[in-house]
Amino acid sequence: MVAEITDGGILYGLIAVGAGLATGLAGIGAGVGEQGIGAAVVGVVAEEPGFLGKGLFLMLLPETLIIFGLAVSLILMFAWTPFA
Amino acid sequence: MSRVVVAGSNKVIEPVIEKLHELNLLHVVNYSGDDESFGMGKPVGKSSEYAEQLIKLRSIERYLEITDKMPDKQFSTDQVISQMGGVLGSIGDEVIATAERISEIDNEVKIKQDQAKSLKPLAALPLNLELLYGYDSLAAFVGTVSSPVEADVSKVSYVNEVFSAGSAAATAVAVFVPGEKAGEVSAILSEHGFSEISVPRGLTGSIAGAISALESDAKRLEGEKAPLQKKLKDIRAQHEDLILAIDEYISIQSQKAESPLRFASTESAFVIDGWLPTDQFDMVKKELEGAAGGRVQVEMLDSSEAEKFVEGGEDIPTKMNNPKVVRPFELITRLFAIPEYKEFDPTPLIFVFFPVMFGLILGDVGYGIIIFVVMLLLRRKFRTPGWQSLISIVLISSIWAIIFGILFGEFFGPLGLWAYIFSSSHHVGLLGTVANPYAIGTSFGPEFYGPLGRIGPEIAGFAGPVFPMFRLETASVLLLIGISLFIGVLHTGVGSILGVKNELAYGKKDHAYFERLPVLLFQVFFVVGLLGMILGGLTHPLVILSGFVLVVSIGMMVKGPEGIMGVTHVPFFVSNLISYLRLLAIGLASVGVAFAANQLAFYVAMPMLSGGGHDGFTTIAIVVGIVVLITVHFINLLLGILSPFMHPLRLHYVEMFTKFYSGHGGGVEYSPFGRVRRFLRD
């Protein structure tokens, strides 16, 4: 049986692609943000081990970016249904 | 904590120090030296002798590779004193001699290996080693060249002797020419890519023979090393605890002897400043006066005087006082900052929230049990306080992972796998059940999310079973988004309330009511507004109410100490809440990998290797499938310890602590003068 291509199917596919892009690009962004902070924190901790906790705090700050992307993906995939 | 001053005659300084050390209660404030009538105290007793002994002992420890550990045996002070001479004397000397011999051997072996290595390219030369150097009127060049040199050398110096051997790429040569031609020949040689090899002196015979002799020598020396290393190992096994006990004893003695350096003193009297838990004051006073025969004065400053020291920049030491179960979590607090004396110690909150978050993320009975068992085993191995705390934290967290695993219906991935294995029907979807093979996930019933839109239950109209709820199912994802946000509001809300409390404790009403409180209102009503929108769109009364409160809270921020700049923090507060979605997200990732592992093994690897069918797998298919299963689950388990640990940590540090903690820049930990005896018995 040949699968039928429908407008709805294409729309759903595009939504899925969009959701993937949202999380993926946000992940790249967070990674770019974290690389500089990470390097700096490692440098500081090598000099002053007591800074580890605060360094971790700074390093984990940009991580929220991914969660934003993920939130958008989840809304696209689950909460926003054009056919409902 | 109370500020205490102990003053007395120098004649009684030793019994006072002895008593203070034994009580282990007074947090000594070092004498700053800015008072002209006082100087720094002088060490009492045999402080330099202890220091020397300590240096020797530490070097013995280093050679024996003894590091701090939990005690297996304890020793009385008498035992330690009687055996100290032996350990620092004959045993110690033997250890040091053995260790030095080992490093000598290492050195010799290295020299011999280097010589052998440098001679290797020359091995084919038909000359004895003693012929290669030591001439008065001849210049000798020994090394390798990249092209033949004999013809060119003859052009410069008619009198010459050239020996060469070896491959074309790197030919070994030994060129001998009269001394006065040395410069020209050297230039010629460098054109041919000459690189000199310095011939080790003192060796004789053929080059190849010398190389094999050097190598066999090195091997022999290596062999000599093994029994010496075994000797060190034996000594270590026999005396480890004793050596650590002696270390402890000498450290205590040396700490006592050097303590007057921290006190203010005059020629005939001393003054010790410090902080003491207030309820212990009477006891300490009595004990000290008893020890010094009444020739010491112990005074407690009243709070207004103590306040002056604090204003002068002195920190009141903080003693974190938590029940035993909660104590491991002090590790997380300490990693961030020690709470200040007046600040709230967040450790109990971490104890409540952290394991739940860990469990919510991991949420798998199988992984939880494995982590629990592994941690129990590690607890015996790693017995330093830091590791013990860490292991206890993960242990408590893994119990929550098991509890959530039961709720989520996960045992190494969604339970559907096991229904699949143990049923006769092999056409079950991994997320489905035997009864309803094509259903993905557990049905919550069509009306489950009715009145609340998609989030929240309607108990009466509820049709399907709620538990186990498979996390990969759409309805569960939506429910978990709600749960994550709810935990977020609770978590940050508690943080904000503590923030208000903290600011009030420091007497800053402005900050409390116009900086901390609006954050609480904003975050709570932001989520209430979202809920209202899901319930009934933009006109729902909850949306209107929360819109009003949000405007009020922003107004309060503008009125606050930061003025209009306070409003710039608003996006941060929103992102704080959204950040809690990671509780769901990372959990989904972990269950997703587990699901993929099962799918890969049972739906891809096994059917493919047995010819495509879903029944009757071949042996090899089962073996390959199990290998795939174990590998992927193992990787997922490692990630499943790391990320559920790091992310709740972040939620505490970034989302919660910023609301109330360490705004005044960390405190000083209460570390009383004294020492907890671990290897010494009383």
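Two residues are in contact if their C-beta atoms, placed from the backbone, lie within 7 Å. By that rule, B:Leu581 touches A:Ile67, A:Leu70, A:Ala71, B:Ile481 and B:Ser484, leaving aside residues up to four places away in sequence. The model is predicted: local features need pLDDT of at least 70, side-chain atom pairs count only at pLDDT 80 or more, and totals for chains, interfaces and linings use all residues. Residues are numbered from 1 along each chain as its sequence is written, while chains are lettered from A and ligands numbered from 1 in the order in which they are written.

**Confidence in chain A**

- The score pLDDT is the predictor's confidence in each residue, from 0 to 100.
- Chain A has an average pLDDT of 81, and 88% of the residues score at least 70.
- Within chain A, helix α1 (residues 7-47) has the highest confidence, at 89. Helix α2 (residues 52-60) of chain A has the lowest, at a mean of 78.

**Chain B in outline**

- Chain B holds 19 helices and 14 strands. Helices (H or I, at least four residues) and strands (E, at least two) are DSSP runs, numbered from the N terminus.
- Of the 682 residues of chain B, 36% are buried. A residue is buried if 20 or more other C-beta atoms lie within 10 Å of its own, exposed if 12 or fewer, and partly exposed in between, with C-beta atoms placed from the backbone.
- Take the contacts in chain B between residues at least 6 apart in sequence: 76% of them join residues at least 24 apart.
- The domain assignment of chain B gives domain 1 (2-41 + 263-317), domain 2 (119-211) and domain 3 (478-580). Such bounds come from an automatic or database domain assignment.
- The centres of domain 1 and domain 2 of chain B, taken over C-alpha atoms, are 79 Å apart.

- Strands of a sheet pair through backbone hydrogen bonds, either parallel or antiparallel. Here, two strands pair if DSSP finds at least two bridges between them.
- Strand β10 (residues 269-276) of chain B is largely enclosed by the rest of the structure, because six of its eight residues are buried.
- Strand β1 (residues 2-9) of chain B runs antiparallel to β10(B), and eight bridges join them. B:Val5 has B:Asp273 as its bridge partner in β10(B).
- Strand β2 (residues 27-29) of chain B is also antiparallel to β10(B), with three bridges. There, B:His27 is partnered by B:Trp275.
- Strand β9 (residues 264-265) of chain B joins β10(B) by two bridges, again antiparallel. B:Ser265 stands opposite B:Phe270. A hairpin of three residues connects β9(B) to β10(B).

**A four-strand sheet in chain B**

- An open sheet has the strand order β6-β7-β5-β8 (chain B), with antiparallel pairing.
- At its edges are β6 (161-165) and β8 (195-196) of chain B, and each pairs on one side only.
- Eight bridges link strand β5 (residues 138-145) to strand β7 (residues 171-178) of chain B in the antiparallel sense. In this pair, B:Phe141 faces B:Val175 of β7(B).

**Where the chains meet**

- 17 residues of chain B are in contact with 16 residues of chain A.
- On the chain B side, α9 (330-336), α14 (474-505), α17 (570-578), α18 (582-609) and α19 (619-660) each supply at least two residues. The most come from α14(B), with four residues.
- This side of chain B divides into eleven nonpolar, three polar and three charged residues. Ala, Val, Leu, Ile, Met, Phe, Trp, Tyr, Cys and Pro count as nonpolar, Asp, Glu, Lys and Arg as charged, and the others, Gly among them, as polar.

**Nonpolar cores**

- A nonpolar core is a set of buried Ala, Val, Leu, Ile, Met, Phe, Trp, Tyr and Cys residues joined through C-beta atoms within 7 Å.
- The largest such core has 87 residues, of which B:Phe354, B:Met357, B:Ala401, B:Ile481 and B:Leu581 touch the most other members. Helix α18(B) gives the most to this core, with twelve residues.
- A second, separate core of 27 residues includes B:Leu129, B:Val173, B:Ile207 and B:Ile211.

**Two residues with positive phi**

- Most residues other than glycine have a negative phi.
- B:Asn24 is not a glycine, yet has a positive phi of about 55°. B:Asn24 lies in the loop between α1 (13-23) and β2 of chain B. B:Asn24 counts as partly exposed because it has 13 C-beta neighbours inside 10 Å.
- B:Glu65, also not a glycine, has a positive phi of about 55°. B:Glu65 sits in the loop between α2 (47-64) and β4 (75-76) of chain B. With 10 other C-beta atoms within 10 Å, B:Glu65 is exposed.
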